[in-house]
Amino acid sequence: QVQLVESGGGLVQPGGSLRLSCAASGSIFRVYAMDWYRQAPGKQRELVAHISTVGGTNYADSVKGRFTISRDNAKKMVNLQMNSLKPEDTAVYYCHATISPTLGPAYDYWGQGTQVTVSS
């Protein structure tokens with residue numbers, strides 16, 4: 001069974017930094033695209049950053065220049081370095097990945113979410 005486990009959330013002051021990590025585990029044949037989403041109270045879940053199998057990246061306009069997504073294929077991990085954090089970055093952050101558990105179709109998997117709070 002495939003699992004995504006996030007770590008690294010917490011409370012930080014405006015202007016501070018946090019690094020989120022997400023590790024995929026279980027029966028995995030191949031990991032394709034990996035992403036970070038976030039959901040603030042009363043708002044829809046939104047895509048924050050995306051990284052393809054070969055390392056191509058895309059970011060939401062609101063985080064460009066402040067957040068950096070990276071992946072370690074050997075460890076089946078994706079990271080999100082968040083700098084210059086703002087109160088509006090406060091949300092639950094979710095890791096998402098497209099994974100083939102076996103030599104066959106790929107499926108979407110989600111982590112349990114990690115809270116990021118930016119406040120003085």
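User: Why is Ser-100 called buried?

Analyst: The model is a predicted one. Ser-100 has a relative accessible area of 1%. The term buried applies under 20%, so Ser-100 is buried. The residue is placed in strand 9. Apart from its neighbours within four places in sequence, Ser-100 is in contact with Ile-28, Phe-29, Arg-30, Tyr-32, Pro-105 and Ala-106.

User: Why does Leu-47 count as partly exposed?

Analyst: The relative accessibility of Leu-47 is 37%. Buried requires a value under 20% and exposed a value over 50%.

User: Where is Leu-47, and which residues is it in contact with once neighbours within four places in sequence are left aside?

Analyst: Leu-47 belongs to strand 5. With those neighbours left aside, its contacts are Asp-35, Trp-36, Tyr-37 and Ala-60. Leu-47 and Trp-36 are 11 residues apart along the chain, and their C-alpha atoms are separated by 6.3 Å.

User: What makes a set of residues a nonpolar core, and which members of the largest one touch the most other members?

Analyst: The members must be buried residues of the listed nonpolar kinds, joined through side-chain atoms within 4.5 Å. The largest such core here has 31 residues, and those that touch the most other members are Trp-36, Leu-80, Met-82, Tyr-93 and Ile-99. Among the elements that give two or more residues to this core are strand 3 (18–25), strand 4 (30–39) and strand 9 (91–100). Strand 9 gives the most, with five residues. As a general rule, nonpolar side chains in soluble globular proteins tend to be buried together.

User: Which residues are in contact with Ile-99, leaving aside its neighbours within four places in sequence?

Analyst: Its contacts include Val-2, Leu-4, Ala-24, Ile-28, Val-31 and Tyr-109.

User: How do you know that the size of the protein chain agrees with that of a compact globule?

Analyst: For 120 residues, a compact globule would have a radius of gyration near 14 Å. The protein chain has 14 Å, and therefore the two agree. The C-alpha atoms fill a box of roughly 50 × 25 × 25 Å along the principal axes. Buried residues make up 41% of the 120 residues. Of the contacts with a separation of 6 or more, 55% are between residues 24 or more positions apart.

User: How many helices and strands does the protein chain have?

Analyst: The protein chain has zero helices and 11 strands.

User: Why do Lys-76 and Ser-84 count as partly exposed?

Analyst: The relative accessibility is 30% for Lys-76 and 41% for Ser-84.

Terms used:
Residues are numbered from 1 along each chain as its sequence is written. This is a predicted model: local features need pLDDT of at least 70, side-chain atom pairs count only at pLDDT 80 or more; totals for chains, interfaces and linings use all residues. Side-chain values use heavy atoms; hydrogens and water are left out. Buried means under 20% relative accessible area, exposed over 50%, partly exposed in between (1.4 Å probe, protein chains only). Contact means heavy atoms within 4.5 Å. The radius of gyration is taken over C-alpha atoms; the globule rule is 2.2 Å times the number of residues to the power 0.38.
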